[in-house]
Amino acid sequence: MRNIDYKPTVAYLGPEASFTHVAASYLFGTDGLVPQPTIPDCIEAVTAGRVAYAIVPLENALEGSVPMTIDYLFHGSELYINAEISTPIEQHLMVNNCQKDAVSNLDSIQSHPHALAQCHKYLQYHYRRTPLLQTTSTAAAAKHVAENPDLRIAAIGNRLAAEKYNLHIAEENIHDFHFNHTRFVVLSLRKGFLEVEGHQEKPKTTFMVKLPEDDRSGVLHQILSVFAWRKLNLSKIESRPLKTGLGNYFFIIDVLEHEDHPMMQGAMEELAALNCNVRSFGSYYSFEQQPSR
């Protein structure tokens, strides 16, 4: 848990014991956390001013970006990123205590789509013919299993969810790869750093870049050169559909520098001269949560 001198309200993808809840608790403590049923509900809660912050998953090391977060954040959102936290992800297969003997003959396994994908090899090998059902979060799956003790169903989620909903962990660490982390971002209506301790020294800035309308040859190379010759280090570049037609994309770019740095200001001016449409989601610090032992 980080030190923070006040207790803001924070929307997170619930219910309790989701991975988002774990990340939110690490940064903010447990007071003032407001569970939401979906990622759009989290974003809308902070957009409407019902909470001070929202924390949502943005990217997983195994499965890549979370499309729903990107769609709501980058298409028409007026929010800014105030912090990011990388949280280790460990997935466990859990059942109701009265269904311990039914593990080999389950009617379904439920979890968030990313969690199911992160355990693909395990599920393919052990539960090839068992239906996989998607839920809004890993904690929602665990809660559903707990509320239906007569059903032969299992959930995939974290150890906290098993403890919270009194479930039996039938199989530990079923994720396919052990270096599994999810990047969560803290969103608010205002630019600024989240004032908590323990961040990495170098700030990061996230931009959305739309290419010029004339679609001339070599424009992406020109955009990357804007950063390259200034020795601005890009930690990520990703293309996403603009949703205006096939072949139309925008780019999400993470730069390891504060947006007020003179070189960053020069880069923004040069991108404008190239007729690019650029929007900054602000500069922020990164936090890394250590695995609990």
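The second largest cavity has a volume of about 40 Å³, where a cavity is a set of points, on a 1 Å grid over the protein atoms alone, at which a 1.4 Å probe fits but cannot get out, and where the volume is the space filled by probe spheres set on points joined across faces, edges and corners. The model is predicted, with local features needing pLDDT of at least 70 and side-chain atom pairs counting only at pLDDT 80 or more, while totals for chains, interfaces and linings use all residues. Residues are numbered from 1 along each chain as its sequence is written, and side-chain values use heavy atoms, with hydrogens and water left out.

**Second largest cavity**
- Its lining, meaning residues with an atom within 4 Å of a point, consists of Leu58, Ile70, Phe74, Arg183, Thr206, Lys236, Ile252 and Asp254.
- These lining residues divide into 4 nonpolar, 1 polar and 3 charged, with Asp, Glu, Lys and Arg counted as charged, Ala, Val, Leu, Ile, Met, Phe, Trp, Tyr, Cys and Pro as nonpolar, and the others, Gly among them, as polar.
- Helix 3 (67-74) and strand 14 each supply at least two residues of this lining, helices (H or I, at least four residues) and strands (E, at least two) being DSSP runs numbered from the N terminus.

**Largest cavity**
- The largest cavity has a volume of about 210 Å³, and of the 17 residues that line it, Phe19, Pro57, His112, His114 and Thr182 are the closest to its centre.
- Helix 4 gives the most to the lining of the largest cavity, with 3 residues, and that lining comprises 7 nonpolar, 10 polar and no charged residues.

Definitions and conventions
1 Å grid on protein atoms, 1.4 Å probe; cavity = no way out; pocket = protein on both sides within 12 Å on 5 of 7 lines; lining within 4 Å.
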